[in-house]
Amino acid sequence: MNRPEPNLKAAEQATPVMAQFFEAKARQPDALVFFRMGDFYELFFDDAVRASQALGITLTYRGKHAGADIPMAGVPVHAAEAYLAKLIRAGFKVAVCEQMEDPAEARKRGSKAVVRRDLVRVVTPGTLTEDSLLDARGANRLAAVAMRAGQAALASVELSTGEVEVLRLEKATLGPALAAFAPSELLVPDRLFADPESAAQLKAAPGCTQPLPSALAEPAAAEARVKRLYGVETLDGFGGFSPAEVSALGLIAAHLETTQAGRIPPLRPPRRAEGTEAMAIDPATRASLEIDRATSGAREGSLLGAIDRTVTAPGARKLADRLARPLLDPARIAQRLDAVERLLEARPLRRELRAALKGSGDMARALSRLVLGRGGPRDLGALKAGLRTGEAVCALALAAAEPLQPLPEEIAQALEALDPHRAPTLAAFAAKLEAALAPDLPALPRDGGFIAAGFRPELDQARALRDDSRRVILQLEADLAAEAGQPLKIRHNAVLGYFVDATAKQAEALLRPPLNARFIHRQTTANQVRFTTTALAELDARIAQAAERALAIELQAFEDLRQEAQALAPALQAAAEALAVLDVAAALAEWAEEAGAARPVVDDSLVFEAEAARHPVVEAAVRREGEAFTPNDCRLDGAGEVCARLAVVTGPNMAGKSTFLRQNALLAVLAQAGCFVPAKRLRLGVVDRLFSRVGAGDDLARGRSTFMAEMVETAAILTQATPRSLVILDEIGRGTATYDGLAIAWAAAEHLHDHNRCRALFATHYHELARLEGRLAHVCNLSMRAREWNGELVFLHEAAPGAADRSYGVQVAKLAGVPAAVVARAREVLDRLEREPGSPTRLDDLPLFATAAEPAAPAFRPGPSPLEAALKDLDPDSMSPREALDALYRLKALA
C-alpha cells in the first residue's frame, strides 16, 4: 500500500500542534515519534501506519493536512512502556516528544496558546534503562566499532549501570569480541561494510547493527565529543587511547548526545583493555558449547543456567559477564578463586551473606534512571536498600564466628567500598534516605505519598490541612462561636467556598461593633446571612492549595535526593559493584558445594590434566532423573612432554563423545572465569582461544550447506588456533563422500598437530585415523567404551586409552526405533561389506598416509580461444539492439 507521508515543506501552513510534530519529526526522521497529547502518545502519518501494523492498534483518520486526511494511532501514557518494548523488539527507534509544561501554564499566555513540547529521548535497543524493558539478569550493552590504520577497536557502554570499556584488538579477532560482549545495539561506520572480512564479522554480531556516517568516527571530532561527554579538557587522565579507540568512543558519545536529549548518564571512566585480556571464543563455539544460552535460545540448559546461584540481578549479570569473557592472567584468576574458596570454607557466614544480599535491590540501574531523569521513588528505595545491605554485610564480616582473615583481595576491596566508616558520605546519604522515604513507595513521583512523616515539617502541615480539613474547620467553627457568644456553622459551596452561616437574628450581633470588625459580610439570602473572616478566607485558600502544595513539596524533596544521588554517583556505583562481586563469589561457593567442585590450578604451562571430570549441565540433568554421571579423565600437553597434544576420540554414537569433548572445553571456561570446576582435580595451562566444531547445521541465509558451514568453521580453526589454544572437533568430514571426508579429517588432524601445535580433542567415526597414533609424535587414542550384552548395546560412557574397533551404528539404529526389517537388512549389508574388500586400493597406499608433497606446478594453459577473445571484446552497455543481435550471430558462428 502507499503510505501517507507528511508534507514537511507545508509545515508552515499546519496547525500549531502539527507544526510541533513536524519539527520533532524533522529532528528524528528515521524514528517513530511518540507525540504527547494529554493522556496519550499519538503517532501521525506514516508513523501511525507502521505502528498500527506492528502493535495491532487501531488506525484512524482525523483532520486534514495539505488536503489529505491525517492517519493517527495512539497508545495510553500509562501503558506506553509495554508498547515501547514491542516496537524496540521489532527493530524500530522511537523518539519521545513530551509536554514540557502544564496546560494551565500555557493558557496564561493566551486562550489559544499551545503547550510547549520537546524531544526528551530517543529509545533504541542499546539505550534502554527501564526495568520493564530490560532483562534484570542480563546486560544491555551499546557498542561501537572503529578501525584506523589496520587497527580495530571496540567500545562498549552499559547505560543502565554506567560501565564503559574500550578494547584494542586485531581485525581478525573482532568477531569473538563482539560475541563476548553480545551488544543489544552496535554502531558501525558505514565504510566498514565495504571490507568483506569486517562485514562478515559485523553481520554475525548479535543485536541490532546501526550503520552511521563515517564522518562521525573521525578522531578529532570523536575526541571532542568524548571530552564533552565526560566534561574534561583532555583524555590523558583516562590513559593513552589510540585513534581507533577514540573513534569508537566518539561514536557512542554521538549516539548518546542524539538519544538522551542533553542528559548525561552517570558513566564511569572508560576502562581500557587489550583484546588479549580474555579468552577468545568465536560465535560458533559459544553457540556450540551453550555457554549462556542453550540451542533453544533459553537460559535453561546452558552452562550459565546450570551454575547460577546468585540472589541478585546485578550478581547474575556479573556472573554472565565472567563466563562470557574468561581471563588470561593466572594471578587475576587466582584472586577470584581465593574469594570463592574462602566463602566455601565459611559456610555459616556464606548463608548469612546470601540472605542479606537478597534485599539489596539493583543500585546501578536505579542510579542510572535517577541521573537520566527517568527514576522514581522506588529507585531511591533501591539505593537505600543497597546501602543498608552494604552496612549489614560489613557487620557480618566483622562479627563472623569464622573470620575471613586474612581477607582475599577481591573480598577486601568489596568490603572497603561498602564500609560506612570509610565512606561517611554514603553512610550519611543512607541515613537521609532512611528518614526521608515512606515504607510503601509509588512508581512515579507524581503519585506522591513517598516522603515519610517528620522529614519535612512544611509537608506535614500541608498534609494535615489536606487530610484533616474537617477537623480544622470544626476547630475554627468552635473558636468563632465562642468569640461571637452564640452557635455558628461553617459551610461550603462552589461559589463562596467556606463561609460562616448565620440566621438573621444571629447576624444582628455580627453586624454590630465590635464583631463586625472580625466578621465580614458576604451575602444575604431570604433566610440566611453569610460571613467570612480573614482566618477563614486564608484557611479556604490553604485547603484548596494543600494537595497541590503537598505534592510540590514532595517533588522538590525527590529532586533534592536525586541530585544528591547524582553527586555521589561514583561511590554508589562502586558500592553496587561490590555487592555484585560478593554475590558472585558466594553463589559460586554455593554451587561448588552442591556440585562437589574443586579448585583448579591455572598456570602458564600448556597442559590440560582433568581427573574425574564431569559435564556440569548434563550432570545436573541426569541427577534430576535420579541417575549418576560417569566422570572421565583427560590429559593433553601442548608441548608434548607429559602426554600427547592431540587425542583421537572414537566410539559408537550415543556413547558420549560429544559430551566428553564439550565438558573439557567447559572446564577451561569455568576455570579461567574464576569458578571451581566439576572434577576431582584440574590443572590448566591458560587457553588463549577456544574452538569448538561440534554438531551439524546449515546456514541457508548465507547459501551454505551443512558441509560448507562445517568447512568454514574448520578453516577458521586451522588458520587461527595457536599453540596455547584448545580445540575440540567432532566428526569432521562426515557430510561428504567417505574418502573425501576421511582425507579432510586426516589432513586437518595433521595440520593441528604439526602447524597449530595446540591441545585438541578430535572425535571421529573414521577409525582409520587411529593409525595417527603411530605416525605422529604427539597423538594418542581414546575411545568411549560400549559392550554388547545378550544382543543389546550397553553404553559405559567411559573414556579409555585405545581406539574403538567399531561404531555399532546398526545397534544404535535399533535403539532409535528403526523398523526391525530395516535393522535386519542393515546387518546383512554390513556383514557383506566387512567380508569384502572395501576398495581395490589398499588404505595404506592412499596419498593421505604419505608425506605431504609440494603442490604440483600448474599445467600449461593455452591462450584464449577465438570465441573467448571475441566475447571479451564486447561492451554490452554501449551496443544498440541491432549491434547486439549481430554480435550474437558472430559468436554463434565462432562456436
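A: We can begin with Leu515, which is called buried because its relative accessibility is 13%, and buried means under 20% relative accessible area, with exposed being over 50% and partly exposed in between (1.4 Å probe, protein chains only). This is a predicted model, in which local features need pLDDT of at least 70 and side-chain atom pairs count only at pLDDT 80 or more, while totals for chains, interfaces and linings use all residues. Residues are numbered from 1 along each chain as its sequence is written, and side-chain values use heavy atoms, with hydrogens and water left out.

Q: Where does Leu515 lie, and what does Leu515 touch?
A: Leu515 is in the loop between α20 (504-510) and β16 (520-524), where helices (H or I, at least four residues) and strands (E, at least two) are DSSP runs numbered from the N terminus. Not counting residues up to four places away in sequence, Leu515 touches Glu483, Ala484, Ala509 and Leu510, a contact being heavy atoms within 4.5 Å. The C-alpha atoms of Leu515 and Glu483 are 8.5 Å apart in space, although the two are 32 residues apart in sequence.

Q: What makes Glu483 and Arg518 a salt bridge?
A: The closest N and O atoms of Glu483 and Arg518 are 3.0 Å apart, and a salt bridge is a side-chain nitrogen of Lys or Arg within 4 Å of a carboxyl oxygen of Asp or Glu. Glu483 lies in helix α19 (residues 469-484) and Arg518 in the loop between α20 and β16, so the pair ties together parts that are 35 residues apart in sequence. Glu483, at 39% relative accessibility, counts as partly exposed, and so does Arg518 at 30%.

Q: How many salt bridges does this rule give, and which residues are linked in a network of them?
A: The count comes to 57 salt bridges. A network of salt bridges links Arg141, Glu165, Arg271, Glu277, Asp321, Arg325 and Arg332.

Q: How do you know that Arg347 and Glu593 form a salt bridge?
A: Their closest N and O atoms are 3.5 Å apart. The pair links distant parts of the chain, with Arg347 in helix α13 (residues 347-357) and Glu593 in helix α22 (residues 569-595), 246 residues apart. Arg347 counts as partly exposed at 38% relative accessibility, and Glu593 is partly exposed with a relative accessible area of 32%.

Q: Why is Arg225 said to have no salt bridge?
A: The nearest side chain of opposite charge, that of Glu257, is 5.2 Å away from Arg225, which is buried; for charge, Lys and Arg count as positive and Asp and Glu as negative, while His and the chain ends are not counted. Arg225 is placed in helix α7 (residues 219-230). Leaving aside neighbours within four places in sequence, Arg225 is in contact with Leu216, Ala217, Gly250, Ala253, Ala254 and Glu257.

Q: What makes strand β7 largely enclosed?
A: Of the 7 residues of strand β7 (residues 142-148), 6 are buried, so the strand is largely enclosed by the rest of the structure. Strand β7 is joined to strand β8 (residues 151-158) by 7 bridges, and the two run antiparallel, where two strands pair if DSSP finds at least two bridges between them. Met147 has Ala152 as its bridge partner in β8. The hairpin of β7 and β8 has 2 residues between the strands, and Ala149 takes a positive phi near 50° there. With strand β10 (residues 185-189), β7 runs parallel, joined by 3 bridges, and Leu142 stands opposite Glu185 in β10.

Q: Which salt bridge does Arg148 form?
A: Arg148 forms a salt bridge with Glu218, the closest N and O atoms being 3.3 Å apart. Glu218 lies in the loop between β11 (208-212) and α7 and Arg148 in strand β7, so the pair ties together parts that are 70 residues apart in sequence.

Q: Why is Arg36 called buried?
A: Arg36 counts as buried because its relative accessibility is 17%. Arg36 is found in strand β1 (residues 32-37), and its contacts, leaving aside neighbours within four places in sequence, are Tyr41, Val77, Cys97, Glu98, Gln99 and Arg117. Gln99 stands opposite Arg117 in β6.
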